[in-house]
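I opened the file to look up a few things and wrote down what I found. The entries follow in the order in which I made them.

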Amino acid sequence: MLRDAGDEPQDYSILEHFTIDDLDSDTLKAYRNRFASREPDHPFLALDNQGLLEKLGGWRRDRKTGQKA
């Protein structure tokens, strides 16, 4: 609980020197399949991996630094 007591949760921070290529593509594919089985017509499924992650809050750009992750 103390870890999340700050203004910004730890899992919201951008990890430096990582790109979308560092994500496990099989895991992302499996997630897409599970998502599609529950919501087959969801518009997020038409997006590429980065677009999907952006919509889900798993990829973002720091507007101050331009850093992405």
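**Notebook: overall figures**

I began with burial: of the 69 residues of the protein, 13% count as buried, where buried means under 20% relative accessible area, exposed over 50% and partly exposed in between, with a 1.4 Å probe and protein chains only. I noted that this is a predicted model, in which local features need pLDDT of at least 70, side-chain atom pairs count only at pLDDT 80 or more, and totals for chains, interfaces and linings use all residues. Residues are numbered from 1 along each chain as its sequence is written, and side-chain values use heavy atoms, with hydrogens and water left out.

I looked up the secondary structure and found two helices and zero strands. These are DSSP runs, numbered from the N terminus: H or I of at least four residues for helices, E of at least two for strands.

I looked up the surface: the protein exposes about 6100 Å², and carbon and sulfur atoms supply 49% of that area. The areas come from the Shrake-Rupley method with a 1.4 Å probe.

**Entry on R32**

I found R32 in helix α1, which covers residues 25-38. Is R32 buried or exposed? R32 counts as buried because its relative accessibility is 16%.

I then listed its contacts (heavy atoms within 4.5 Å). Leaving out residues up to four places away in sequence, R32 touches F44, L45, L47, D48, N49 and L52. From R32 to F44 I counted 12 residues in sequence, and the C-alpha atoms are 9.6 Å apart.

The side chain of R32 reaches that of L47 at 2.6 Å, and a polar atom of the R32 side chain lies 3.2 Å from that of D48.

**Entry on the rings**

I looked for aromatic pairs (rings of Phe, Tyr and Trp, the last by its six-membered ring, with centres within 6.5 Å; planes under 30 degrees apart are stacked, over 60 edge-to-face, the rest tilted). The count came to one aromatic pair. Y31 and F35 form it, edge-to-face, at 6.1 Å centre to centre with 65° between the planes.

Y31 and F35 are four residues apart in helix α1, so about one helical turn separates them. Y31 is partly exposed at 40% relative accessible area, whereas F35 counts as buried at 14%.

Key. Polar contact = N/O pair within 3.5 Å; in protein donor to acceptor, adjacent residues only side chain to side chain.
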